[in-house]
Amino acid sequence: MRLLISPNLKMENAEEKILYVAESIKKYAMQPCMLRKTKDYFKIADADILILDTIDDCDIVVAIGGDGTIFHSAFDALKYDKPVLGINGGRLGFLSQMEINDLTPLEDIANGNYRVERRLVLEALIETDKTSYKRLAINDIVFSRESRGRIIDLDVSCNGEFVGRYRADGLIFATPTGSTAYSLSAGGPIVDPSMDCIIFTPICSHSVFDRSILFNCSNEINISHKFPDKDDHLMIIADGNPIIAKENIKSIKIKMSQKRTAFICIEGRTFFRTFNQKFK
């Protein structure tokens, strides 16, 4: 079995952690691998690490770092439908299945004692007068003004039916995986990541009656906006990657993607156990 090591390039003691993970993988009769560009970045010498040209050549992507690293690795793995195993080499590591100082669960991976959880991914479709954008999000899609700190007015509808007009700092549409990220900080619910739903949470709404809504994942959600200032623009952020739509926007749609992100889950490392360990 080939395990592709995908580390945080700026992680403290990164090379030492990579070598430790590689040796642990070999200990359980599996093959540690790296992409050429990553291997060249660290210039690791005398390490029995197989060089791969693409993620498609591995069986599992092993992300070493914090949740950001795991998300970025999961997004890359999504293109090739490869499962991701998170090893916490950072701080919180909510998405990780093991800690860098205890890699004994790799034995479960070697013996096939794990399951692959396929989680919902969001898709944003933005049509303008000149072009169109399509973005996927494992975590969330956020709408706000280009000029931060200013109120935005957005109308939300579901399958053509008006849901509400929101005057707020912005809007978050999150997956269940992303429910414990920005959405949670904005007052959204904690959702079991194995569920299928779209979580809508206003950011600092100017109405006390605006609360989070969970939409059925089969629904298509539409967002429309009006800016009184023609020099201000809508900013759409998908998993931290911003799009600033400076052309006239014709339509914005949020829906469930046909793609699914795959996370490896080890027996005993459940969502609620991790939640209690990491958050409480």
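This is a predicted model: local features need pLDDT of at least 70, side-chain atom pairs count only at pLDDT 80 or more; totals for chains, interfaces and linings use all residues.
A search of the whole structure finds five aromatic pairs. Take F143 and F173 to begin with: their ring centres are 5.9 Å apart and their planes stand at 90°, so the pair is edge-to-face.

Now turn to Y166 and F200. Here the centres lie 4.9 Å apart and the planes meet at 80°, so this pair is also edge-to-face. Y166 belongs to strand 11 (residues 161-168) and F200 to strand 13, so the pair ties together parts that are 34 residues apart in sequence. Y166 is buried, with a relative accessible area of 5%, and F200 counts as buried at 0%.

Strand 13 (residues 197-203) is mostly covered, with seven of its seven residues buried. In a regular strand the side chains alternate between the two faces of the sheet. In strand 13, both faces are covered: C197, I199, T201 and I203 are buried on one side, and I198, F200 and P202 on the other. What does strand 13 pair with? Strand 12 (residues 170-174) pairs with it in the antiparallel sense over five bridges, and L171 stands opposite P202. Strand 14 (residues 213-216) pairs with strand 13 over four bridges, again antiparallel, and there F200 stands opposite I213.

The largest nonpolar core has 29 residues, of which I141, F143, F173 and I254 touch the most other members. Beyond its neighbours within four places in sequence, F143 is in contact with L154, D169, G170, L171, F173, I223, L234, M235, I236, I252 and I254. A second, separate core holds 26 residues, including M11, V21, I49 and I109. In soluble globular proteins, nonpolar side chains tend to be buried together.

Our last stop is helix 3 (residues 67-78). Its 12 residues reach 16 Å from first C-alpha to last, close to the 16 Å expected at 1.5 Å a residue. Which residues of helix 3 are buried? They are D67, T69, I70, F71, S73, A74, A77 and L78. These buried residues pack against strand 1 (2-7), strand 4 (60-65), strand 5 (84-88), strand 7 (114-128), strand 8 (132-137) and strand 18 (249-266).

Conventions: Residues are numbered from 1 along each chain as its sequence is written. Side-chain values use heavy atoms; hydrogens and water are left out. A nonpolar core is a set of buried Ala, Val, Leu, Ile, Met, Phe, Trp, Tyr and Cys residues joined through side-chain atoms within 4.5 Å. Buried means under 20% relative accessible area, exposed over 50%, partly exposed in between (1.4 Å probe, protein chains only). Contact means heavy atoms within 4.5 Å. Helices (H or I, at least four residues) and strands (E, at least two) are DSSP runs, numbered from the N terminus. The expected span of a helix is 1.5 Å times one less than its number of residues. Two strands pair if DSSP finds at least two bridges between them. Rings of Phe, Tyr and Trp (its six-membered ring) pair if their centres lie within 6.5 Å; planes under 30 degrees apart count as stacked, over 60 as edge-to-face and the rest as tilted.
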